[in-house]
Every structure is written in structure tokens, then in C-alpha cells.
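Hi,

Here is the structure I promised to pass on.

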Amino acid sequence: MDIHTYIRKEIDSHIDLKYKNFQSSLCPTISEIEGVRVPVLRDIARTVSKREDVYQYLDYKHVTSYEEKTIYGLVIGYLKTDIKTYQFYLKEFIPLINNWATCDIVCSNLKFTKSYKTEMYPFICSYLKSKKEYEVRFSIVMLMNYYLEEDTYKDVLKKVREVKNKAYYVQMAESWLLSICYIKHKKETLEFLKSENIDPFVYKKALQKIRESTRISKEEKEFIKTLE
């Protein structure tokens, strides 16, 4: 069975219409959702990544539905290859992103970034200046997932402050990043929130996400309320 037939067969056999309705409500900006749960998409992508014809599939790049795009991005993360190949196929994939779910699911699966942090950092940051909403979100979510460590988080905060794109899913990603950064680096992130010229919407949403976290105390949550 060729790789495209395999993927199509797997998607068709796992369609759940109730889940489709649920996922559609979470991603109102797209219409091509078929209704396959994320664990199934991961399983399909994992299998595809091990096939001999995986690069023929990636080069063909014929993906239309939410599921197909998500599988394509997941496959890249499951590959066992070198940094140049990872970046080559990410350049092919990133322009295909048209919703927050595909973006975030794929970003969480690009764990090879941990082994190539130096090489990936400028590659990821280059998308912060994009005019396309989901390219910028991709960059921010990647920075949040892999670069909020002691040696890089201050530079990440600086770069987030310089983002010019004001699209909704970009700003939601910025607030998410700031909330996670607060949990990891409370004092410094709090100083950043208080002193920097942050967009009011991002500031408000960041505080909201911090208060919603289960990783801070009730006392901290009450304190965060005073900053709103």
C-alpha cells in the first residue's frame, strides 16, 4: 500500500463525528476538519516516519485537511535525521499552518530542538517578523517550549516584546509564553510585566493565564489580581 493510500485509509477509519464537532468549535477559523483524535494522528505520523518512502511523502506535500496537515508536521518531528533536513522540511510545513491546534501539536513534537538548540534558535526567531499569524505563533510557541531556560529566557522576553504582529492567535501565544515564564522565573518575569511596554491585551491575558495555573499558590493568585 502506498503511503498516501495508507494515510487516507487510517484517517477515514478513525473519523469521529462527535469529535469533529467538538474540534470545529475549538478551531472556528477552519472548515476542513474531519474528526480524528490527536493520539491517532500521532500514531499515523509515527508509522509514516519509519517508512522508506517517507521523504517522497514529505516532498509531495499534498495536504488539505486539518488532519493531513497535522500528520505532515508530526512526521517531521518523528524523523531520525540531521538539522539541515529538519529545517528544510519545517520551511515546507510552516506556511501550511492555518490554525492554532496544528501549530501547537506539532511544536510539542519537535523535540529534536533540544539537541540542536543553538542551530534552531535563529531559525525559529526568523519567523517572529512574519506578517502571517500562524508563522509568528509557531515561533512563539517553539520559544516557549524549548527556550525558557536560564541561559535564554531573557533574550526570549526581549524578542517577544519586539513582535509587531497583533493578530489574535499571536497575542494569545505571547500571553501563554509570559505565563509559563512567570512560573519558571517569577521575579524577572514580574519585573518585565511591570516595567515593559506590553500590549494591554497581552498583559491582561498573561495575568489571567498565570491566575489559572495550578502551579502557583492561592496567595500568588490573589497578588496577581492586584496587578490587573
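This is a predicted model: local features need pLDDT of at least 70, side-chain atom pairs count only at pLDDT 80 or more; totals for chains, interfaces and linings use all residues.

Residues are numbered from 1 along each chain as its sequence is written, and side-chain values use heavy atoms, with hydrogens and water left out.

Helices here are DSSP runs (H or I, at least four residues), numbered from the N terminus. (The expected span is 1.5 Å times one less than the number of residues.) Its buried residues are Val38, Val40, Leu41, Ile44, Ala45, Val48 and Ser49; buried means under 20% relative accessible area, exposed over 50%, and partly exposed in between, with a 1.4 Å probe and protein chains only. Among the elements covering them are helix 1, helix 2, helix 4, helix 5 and helix 7, where contact means heavy atoms within 4.5 Å.

Helix 12 (186-195) buries Thr189, Leu190, Phe192 and Leu193. They sit on the same side of helix 12, because they cover an arc of only 155° around the axis (taken from the directions from the helix axis to the C-beta atoms). Lys187, Lys194 and Ser195 are exposed on the other side. The buried set packs against helices 10, 11, 13 and 14.

On to the cysteines: the whole structure has zero disulfides, defined as cysteine sulfur pairs within 2.5 Å. Cysteine 181, with a relative accessible area of 0%, is buried, and its closest cysteine sulfur, in cysteine 125, is 14 Å away, too far for a bond. Cysteine 125 is buried too, at 11%, and the closest sulfur to its own is that of cysteine 107, at 13 Å.

Finally, there are 13 salt bridges, counting a Lys or Arg side-chain nitrogen within 4 Å of an Asp or Glu carboxyl oxygen. Arginine 8 pairs with aspartate 12 at 2.8 Å; both are in helix 1, four residues apart, and they join Glu34 and Glu68 in a network. Lysine 69 bridges to glutamate 32 at 3.6 Å. That pair ties helix 5 to the loop between helix 2 and helix 3, 37 residues apart, and lysine 69 is buried at 11%.

Cheers

How values were computed:
Helices (H or I, at least four residues) and strands (E, at least two) are DSSP runs, numbered from the N terminus.
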